[in-house]
Amino acid sequence: MQPAASTPTRPARAPLPFAAIALLALVLLTAALPALAQTRAWLDRSRAAIGQPVVLSIESDQDFGQPDLTPLQRDFSVVDTSTSRQMQMVNGRISRSVVLAITLQPRRTGELTVPALEVNGQRTPPLGLRVTDAPAAQPGSSNAYIETQVDDPTPYVQQTVGVTLRLFYAVPLVSGQLDIDAPQGTSLQRVGEDVQSTREVNGRRYNVVERHFLLVPDRSGDLQLPAARFTGRAAGGGGFFDSMLGMGQRSDLSAVGQAQTLRVQPQPDSAPQPWLPLADLRLRYASAPRELKAGQASSFVVEAVARGATRAQLPDLPTPSVDGAQVFAEPAQYEDSFDGATPVVKITRRYSIVPNGAGRLALPGIKLDWWDVKADAARTAALPDMQLEVAAGSGSFANATLPAPAPAADVAAPQASGNSALQATDLGAESTAGRLWPWIALTAVFGLLWLGTLVWFLRRPRPVPATAASRASAIPAAPSVPRARHGLPDLRRALDTGTLDEVGEILIGMAPSPARDLDAVCAQLADPAQRQAIDALRRARWADGDGAQARALLRQAFASGPTWRVPAAASAQGEALAPLYPRR
């Protein structure tokens, strides 16, 4: 009997340590989760000139949307953004990447920092950039350059400064952007439309784009006006059809102007209020009231031209207060323009005046206080006062009259203030006596004539034929010569502030006999120099004459007033009073 075979036994397995189990679980868990995104960022250069674009690139192996670019806007302008995607296979493995390119424009010079941006829950590292001043572009040698013109480098606080940018470019542009940043403590406003032209500079033809801005500083001191910047894309070669289809080569084009320093002056203590700093202010009557009648409206227009201001800074043209009339003002009309780099505002306002009665009406001139920034002095722009004749109206205004005008302003004021009332009374009494004395004398003469006629009638022995004197006394008096509508002061005022048309109308109104035009006025003038001056006025109005020369000739010829011929009515009256052959 054979012994039973023995069965070998396996040794027992040792249990896995706890650390190995934990490591295996972590590996399996990591494989089940999506891979974490890998993100990096870089600049295409570490040094750039002001106005030169810089590209910030952000790359990730996972898709991401547009990040928040607000942190960049402190020191940079975001010009453009673009996204590209790439895929490649390396050793059988496929890798993907997404690149966001952000084109930046530095706003200032110095050591700048591109701040960190948040992308897919991660933050890009901050990147350093050194920005230097751009070399000045030489006109005629570069494809694009910028000119910056400031109309006043030493303005006052709250004075409007005109800033003009001119972009010169010698190559065709596909796109472009011209900008200038507003300095701190100022307001910078673009006004008007761009003006395009062409110029030849150093033998090279440039296209020019002119853009206007209004700069208003809010505080005094040195003010740094940043350099203007242009970034664009120029069209390259490829022929006409390639350019039309957008297939030609294109290249980036940029230009930077020069920064300027303005010295802003504080408001002077002696300046009039409200504060109105201007380079110039002119007022004039664009039209004057004509043929005034009681109860009827007549219009006149006032025009103001201000240099170095915006319409928001200018006050409204005031409405004059007139004794004996009502004045109504229409809304003002504004017209903005530029004279070089200086802003110009023209204000036109129409007024309607309604007299309350017939007589003489005084229209006071409008006045505006302003500060002359060129002469550093206070100024007052004023219109001259006008004396207007008002004819009788109709209806309820048929018998209405205006009060007597105040004594003339050129009467010398009394020396002692205590006797002013007494002297004014004496002047008024003397003036009244002077007006009554001719009537008293005329009444006495008529009384004596009537008494003499009565004595002659009672003592005449028999009827006698009427004498020439008696027949002459029976003839009615010849009509009086019409009164002129205008006088020498009106002519002087029109020569100083009026238009040539107004000068002609006043000369027609000064004629002693009714005149329809300047030819009729010349027929009544006896002085050849005055007729020659009117002829110069007509050439200036209707031909190619010189207006300034015509005004000078008129001032010289009419310095003492017009010299009229003997009116025809007076000559006819003399013949009627002295007949050659009396009746029998």
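Guide: Here is a walk through some labels and the values behind them.

Visitor: How do you know how far to trust the model?

Guide: It's a predicted model, and the predictor scores its own confidence from 0 to 100. The chain averages a pLDDT of 76, with 72% of its residues at 70 or more. Over residues 237-247 the pLDDT is below 50, and that stretch has 5 contacts beyond near neighbours in sequence. Residues 408-435 are also below 50, with 3 such contacts.

Visitor: Why is Ser57 called buried?

Guide: Buried means under 20% relative accessible area. Ser57 has 10%, so Ser57 counts as buried. Ser57 sits in strand S3, residues 54-60. Setting aside neighbours within four places in sequence, Ser57 contacts Arg40, Ala41, Trp42, Val99 and Leu100.

Visitor: And Glu335, why is that one called partly exposed?

Guide: Partly exposed runs between the 20% limit for buried and the 50% limit for exposed. Glu335 has 45%, so the label is partly exposed. Glu335 belongs to strand S24, residues 333-339, and touches Val344, Val345 and Lys346, not counting residues up to four places away in sequence.

Visitor: What makes helix H6 largely enclosed by the rest of the structure?

Guide: The tally of buried residues does: 9 of the 11 residues in H6 (residues 500-510) are buried, so the helix is largely enclosed. Those buried residues are Leu500, Glu502, Val503, Gly504, Ile506, Leu507, Ile508, Gly509 and Met510.

Visitor: How do you know that Ala533 counts as buried?

Guide: Set its 1% against the 20% cut-off: the value is under the limit, so Ala533 counts as buried. Ala533 lies in helix H8, residues 528-542. Ala533 and Leu553 are 20 residues apart in sequence, yet 5.3 Å apart in space, C-alpha to C-alpha. Beyond four places in sequence, Ala533 touches Leu553, Leu554, Ala557 and Phe558.

Visitor: Which residues touch the most other members in the largest nonpolar core?

Guide: That core has 32 residues, and the ones touching the most other members are Leu278, Val302, Leu314, Leu317, Ile353 and Leu361. The elements giving two or more residues to this core are strands S20 (280-287), S22 (298-307), S23 (325-329), S25 (342-355), S26 (359-363), S27 (367-372) and S29 (386-391). Apart from this core lies another, of 25 residues, among them Leu507, Ile508, Leu518 and Phe558. In soluble globular proteins, nonpolar side chains tend to be buried together.

Visitor: What does Leu278 contact beyond its neighbours within four places in sequence?

Guide: Leu278 is in contact with Ala306, Arg307, Gly308, Ala309, Leu314, Trp370, Trp371, Asp372 and Val373.

Visitor: What makes up the lining of the largest cavity?

Guide: The residues lining the largest cavity are Leu276, Leu281, Ala304, Leu314, Pro315, Leu317, Ile347 and Leu368. They divide into 8 nonpolar, no polar and no charged. The volume of this cavity is about 50 Å³, and the count of cavities of 30 Å³ or more comes to 3.

Visitor: Where is Asn202, and why is Asn202 called exposed?

Guide: Asn202 is in the loop between strand S13 (186-201) and strand S14 (204-217). Exposed means over 50%, and Asn202 has 65%, so exposed is the label. Its phi is near 50°, a positive value in a residue other than glycine.

Visitor: And why is Glu291 called exposed?

Guide: Its relative accessibility is 76%, over the 50% limit, so Glu291 counts as exposed. Glu291 sits in the loop between S20 and strand S21 (292-293), and its phi is near 50°, again a positive value in a residue other than glycine.

Technical notes
Residues are numbered from 1 along each chain as its sequence is written. This is a predicted model: local features need pLDDT of at least 70, side-chain atom pairs count only at pLDDT 80 or more; totals for chains, interfaces and linings use all residues. Side-chain values use heavy atoms; hydrogens and water are left out. Helices (H or I, at least four residues) and strands (E, at least two) are DSSP runs, numbered from the N terminus. Buried means under 20% relative accessible area, exposed over 50%, partly exposed in between (1.4 Å probe, protein chains only). Contact means heavy atoms within 4.5 Å. On a 1 Å grid over the protein atoms alone, a cavity is a set of points where a 1.4 Å probe fits but cannot get out, and a pocket is an open set with protein on both sides within 12 Å along at least five of seven lines; lining residues have an atom within 4 Å of a point. Grid points are joined across faces, edges and corners, and a volume is the space filled by probe spheres set on the points. Ala, Val, Leu, Ile, Met, Phe, Trp, Tyr, Cys and Pro count as nonpolar, Asp, Glu, Lys and Arg as charged, and the others, Gly among them, as polar. A nonpolar core is a set of buried Ala, Val, Leu, Ile, Met, Phe, Trp, Tyr and Cys residues joined through side-chain atoms within 4.5 Å.
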